[in-house]
Amino acid sequence: MDYKHIDEYTKIYEDHKMLLENLSKSLEEFKDHQEELNKLEKYYYSEEFMKDYEASNKGEIPDDIIQGILTEDAIYDLLGDNYFMAKDLLNLANDIIQDK
C-alpha cells in the first residue's frame with residue numbers, strides 16, 4: 001500500500017502549526033500596539049499636529065527631527081490599513097468558524 005499521502009499531510013500539519021505560532025505572536029503584538037496607535041490617532045486629529053505640520057512645511061523644525069509622519073497622508077493611510085487589516089481578520093475568522 002502507498003502511504004506517501006501521509007508525508008503530504010504531515011507537511012501540511014507542520015506548516016500550518018508554524019503559521020499559527022507565528023500568527024499568534026504577531027497578533028498579540030498587533031493587539032498590544034493598538035493603544036499606541038490610538039495615541040497616534042489622537043495626535044493626528046489634534047491642533048498640535050496641525051501646528052507641527054505647518055512648522056514642518058515652513059522649515060521650522062530642526063533637520064535632526066524625523067518628520068515623516070507630518071504629511072496629510074502618512075498617519076491617515078496607516079489608520080486605514082489598520083482598519084482594513086481588522087476587517088480582513090474578522091472575515092477570516094468568520095470563514096474559519098462558519099466552515100465548521
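**Packing of α2 against α4**

1. Helices α2 and α4 are oblique to each other. The model is a predicted one, and in it the two helices pack at an angle of about 140°, with their axes 10 Å apart. Because angles count as roughly antiparallel when over 145 degrees, this pair is classed as oblique. The crossing of α2 and α4 is left-handed.

2. On the α2 side (residues 34-44), the contact is made by Q34, L37, L40, E41, Y43 and Y44. Helix α4 contributes I75, Y76, L78, L79 and N82. By class, this contact of α2 with α4 has eight nonpolar, two polar and one charged residues.

3. The largest nonpolar core has 10 residues in all: L37, Y43, Y44, F49, Y53, A55, I61, L70, I75 and L79. Each of α2, α3 and α4 supplies at least two residues of this core.

4. One core member, I61, is placed in the loop between α3 (47-57) and α4 (74-98). Is I61 buried or exposed? Its relative accessibility is 17%; the residue therefore counts as buried, the cut-off being under 20%.

5. Residues up to four places away in sequence aside, I61 touches D52, A55, S56, Q67 and L70. L70, also part of the core, is in contact with Y43, F49, D52, Y53, S56 and I61, again leaving aside neighbours within four places in sequence.

Notes. Residues numbered from 1 in each chain as written. Predicted model: local features only at pLDDT ≥ 70, side-chain atom pairs only at ≥ 80, totals over all residues. Heavy atoms only, no water. Helix = DSSP H or I, 4+ residues; strand = E, 2+ residues; numbered from the N terminus. Buried < 20%, exposed > 50% of the residue type's maximum accessible area, 1.4 Å probe, protein only. Contact = heavy atoms within 4.5 Å. Axes fitted to C-alpha atoms, helices over the stretch in contact; angles between N-to-C directions. Parallel < 35°, antiparallel > 145°, perpendicular 65-115°, else oblique. Left-handed = near helix turned anticlockwise from the far one by under 90°. Nonpolar A, V, L, I, M, F, W, Y, C, P; charged D, E, K, R; others polar. Core = buried A, V, L, I, M, F, W, Y, C linked by side-chain atoms within 4.5 Å.
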